Amino acid sequence: MAEAHTNPVEERQIDRSQMQVSDEVAIEIAGMNKWYGTFHVLRDIDLTVNRGERIVICGPSGSGKSTLIRCINALEEHQKGSITVDGTLLSNDLKNIDRIRSEVGMVFQHFNLFPHLTILENCTLAPIWVRKTPKREAEETAMYFLEKVKIPEQANKYPGQLSGGQQQRVAIARSLCMRPRIMLFDEPTSALDPEMIKEVLDTMIQLAEDGMTMLVVTHEMGFARQVANRVIFMDQGQIVEQNEPEEFFMNPKSDRTKLFLSQILGH
Amino acid sequence: MSEVHAQTVAYVRDTMIPQEAPPPTEAGAIKWLRENLFSSWLNAILTVVSLYVIYWVVSHVAGWMLFGIWDAGSLSECREVRDATYGEGASVACWAVLTDRWDQLMFGFYPSELYWRPVLALVLFLVAIAPVLYDSLPRKMLWFTAASPFVLFFLLWGGTIWGPLAVAAGFAIGWAVLRFATPVIGDLGGIVAAFVVPILYWFFAVGPIAGALGNAIPIGIEFVPSDDFGGFMLAFVIGIAGIILSLPLGILLALGRQSDLFIINKFSVIFIEVIRGVPLIVWLFTASLLLNYFLPPGTNFDLMLRVIIMVTLFSAAYLAEVVRGGLAALPRGQYEGADSLGLDYWQSMRLIILPQALKISIPGIVSTFIGLFKDTTLVVFIGLLDPIGLSNAIRATTDWNGIYWELFIFIGLCFFVCCYAMSQYSQWLERKLRTDHR
């Protein structure tokens, strides 16, 4: 787990015209519980995410924040309660799971690009095989999103030839090629050198500006302050506090949050 | 600034040093010799001693091999030629045994007027395997690859053409069941039916259908029974069939062993452990002796076919463990990356997991293949005439009684060439597939 830091997202003017939260519910989590063996990792999670929301989830290691977002696309199984994504109830039905996964993009801490495929093939694979998009069209889409994350010139290289920041931007583009309605980020900058964090955060800000619904597990408090409309603090598998970023940082209510914030912002 | 320089406490570099060539002792042949042969006194002595040993071996063996006699009809004739040419008792090889018994070593007792069939089969096999080994060749060739097992079977064994065609039709039936029954009876039912229907067809329908068609429209070439197969042809047929059949089976077993589905998992584990835990020779005896007890009376299940099945199962169990190692070596992130994009199980295996896992497993897979190919010589114990079996038969004749080295050197050399070729191909493949640019 990378240590928390307040890496500066360079103060740039954020275009908020597309950042609108609608009334439509994107994700509905009700009374969700999860155990690893006998260990109770997530306890009674209730969370409603509306379309267009940008939620940052933070908390100490082992607080269950990664597990929470991994439950949303069924990379982890929950044992109690319900998760509804875009109106589809997450159950054991593999068809439902695959449908939800193709609607929900995910970006991982370690990128998880496919090293045996070129950047372009990484991006076109899922559209071709899952969405049955014709190859030509999938490649056009892929180039569009690679340009969007500003690395179209790397399209024919392999992931091993790219820097960490570039790989993470490819991973974002790869998810976007499936035209997801929701994006999950699992500590997207924790494995990166400080120099590269900025380029990834910039890409994520851009995505937020386009109105994407985003759930981001991160320690980048600058990003949370600027982009998020809601910050959630988790500890011991529970949601301890959630608030608008301004209030959350200036005026935390619980002692646990205060301690956490003083630890990560304090030095 | 000037103050700092004056005090020489801190340091600021104002020019960067350009790159220079290394000193002469650190480059070229001199460097190589120094590093590899004469890096210390002990190594220098070892080098000299080694050179002497190599000289001694080569000087004794090379003459024996190079001056060998190629033209004689028996060992005694060979010795007469030798005495006449090199003087009494000179030590030279008698390669004449190879020229004299060449056909037998290659084809066993296959009818000599039909030798063109195995030779053509070998050529066609090379054509069929080429697009699998080299992906720069046109993909259309894979259609021939798919048809080749039946073509090769027909060429080697002959008989009516309807036999291989009827067997091939089973695959078409399986595909049709999968294609048309799945919408009616669901995915799982479709898959099960696509396995069960062709198997039933092969067991009960192929014989009568092929027989009836053969009577109605007799097209075919002369039938050659398995008993006539021998020599390197036998080793190649068993080895190649085993290699080609065991790879997909091994992959399925490896996936089965990783599966969450209880029955598939346990079946794979038991299969692998039982097959791997018993010596191949025991399985071969099982194939030749015991299998008849389990089969319905009166069925004549070809011995060679039984051996191929046993060899396939045996190496599939090893391959499964090799492939499982490759699967385990992949980071979990690869599985999650594939899952998160919505790929289903078979898609993620085929497109993401197996290409990487198999690449990691190439050395182990090729080792298993080489082992399998060499183990084909074990069939001599159940009475099949592989090269070793034939060499025993040749040495038992009055003509060639007393000859050892020449035959075994030749057989060993042939196996070495094949195995070395496999090894070289696999190393080329590994280099080609390397995309991590370390």
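**Aromatic rings and a helix in a predicted model**

The charged end of B:Arg350 sits over the ring of A:Trp129, 4.6 Å from its centre, where sitting over a ring requires NZ of Lys or CZ of Arg within 6 Å of the ring centre and within 35 degrees of the ring normal. This is a predicted model, in which local features need pLDDT of at least 70 and side-chain atom pairs count only at pLDDT 80 or more, while totals for chains, interfaces and linings use all residues. Residues are numbered from 1 along each chain as its sequence is written, chains are lettered from A, and side-chain values use heavy atoms, with hydrogens and water left out.

**Charge over a ring in chain B**
- The charged end of B:Arg179 sits over the ring of B:Phe180, at 5.3 Å from its centre.

**Aromatic pairs**
- Rings of Phe, Tyr and Trp (its six-membered ring) pair if their centres lie within 6.5 Å, and planes under 30 degrees apart count as stacked, over 60 as edge-to-face and the rest as tilted; the count comes to 26 aromatic pairs over all chains.
- The rings of A:Tyr144 and A:Phe145 are edge-to-face, because their centres are 5.0 Å apart and their planes stand at 75°.
- B:Tyr110 and B:Phe229 also form an edge-to-face pair, with 5.5 Å from centre to centre and 70° between the planes, and the pair ties together parts that are 119 residues apart in sequence.
- Both B:Tyr110 and B:Phe229 are buried, that is, under 20% relative accessible area, with exposed meaning over 50% and partly exposed in between (1.4 Å probe, protein chains only).
- One aromatic cluster includes B:Trp102, B:Phe232 and B:Phe410.

Key: Helix = DSSP H or I, 4+ residues; strand = E, 2+ residues; numbered from the N terminus.
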